[in-house]
Amino acid sequence: MFLTKEQKEVERDVLDGTIIGIGVTVDARNGSPTIISVLNGSPADRAGLRAGDVIVAVDGQRTDRS
């Protein structure tokens with residue numbers, strides 16, 4: 001398997017337990033990003049995000065595919 005430098009850094013961070021981003025797992029198969037899980041103590045957890053929340057916009061930009 002070949003990894004780019006960026007992919008290698010992400011893999012290392014995952015193995016080290018480093019939080020990247022806001023600390024959520026997201027699924028977007030149904031059109032809009034839906035939070036699947038929130039890492040305890042992460043920025044998302046502290047902001048009150050929960051599994052099942054739908055992300056409808058980021059910085060005023062809609063996230064749905066329509």
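This is a predicted model: local features need pLDDT of at least 70, side-chain atom pairs count only at pLDDT 80 or more; totals for chains, interfaces and linings use all residues.

Me: OK, the layout then. How many helices and strands does the chain have?
Reply: There are 2 helices and 4 strands. Going from the N terminus, the order is α-β-β-α-β-β.

Me: What share of the residues is buried?
Reply: Buried residues are 12% of the 66 in the chain.

Me: Let's pick some residues. Where is S42?
Reply: S42 is in the loop that links strand 2 (34-38) to helix 2 (43-47).

Me: Is S42 buried or exposed?
Reply: S42 counts as buried because its relative accessibility is 0%, and the cut-off for buried is under 20%.

Me: What does the side chain of S42 reach?
Reply: The backbone oxygen of I22, at 3.3 Å.

Me: Switching to P33, where does that one lie?
Reply: P33 is in the loop between strand 1 (24-27) and strand 2. With 15% relative accessibility, P33 is counted as buried too.

Me: Which residues does P33 touch?
Reply: Leaving out residues up to four places away in sequence, P33 touches V26, D27, A28, D53, V54, I55 and T63.

Me: And how far apart are P33 and V56?
Reply: In sequence they are 23 residues apart, and in space the C-alpha to C-alpha distance is 7.4 Å.

Me: What about contacts across the chain, what share comes from residues 24 or more positions apart?
Reply: That share is 14% of the contacts with a separation of 6 or more.

Me: Last one, D59. What is its phi?
Reply: D59 has a positive phi, about 50°, even though D59 is not a glycine. Most residues other than glycine have a negative phi.

Me: Where is D59 found, and is it buried or exposed?
Reply: D59 sits in the loop between strand 3 (57-58) and strand 4 (61-62). D59 is exposed, since its relative accessible area is 77% and exposed means over 50%.

Technical notes: Residues are numbered from 1 along each chain as its sequence is written. Side-chain values use heavy atoms; hydrogens and water are left out. Buried means under 20% relative accessible area, exposed over 50%, partly exposed in between (1.4 Å probe, protein chains only). A polar contact is a pair of N or O atoms within 3.5 Å; within protein, one must be able to donate a hydrogen and the other to accept it, and residues adjacent in sequence count only if both atoms are side-chain atoms. Contact means heavy atoms within 4.5 Å.
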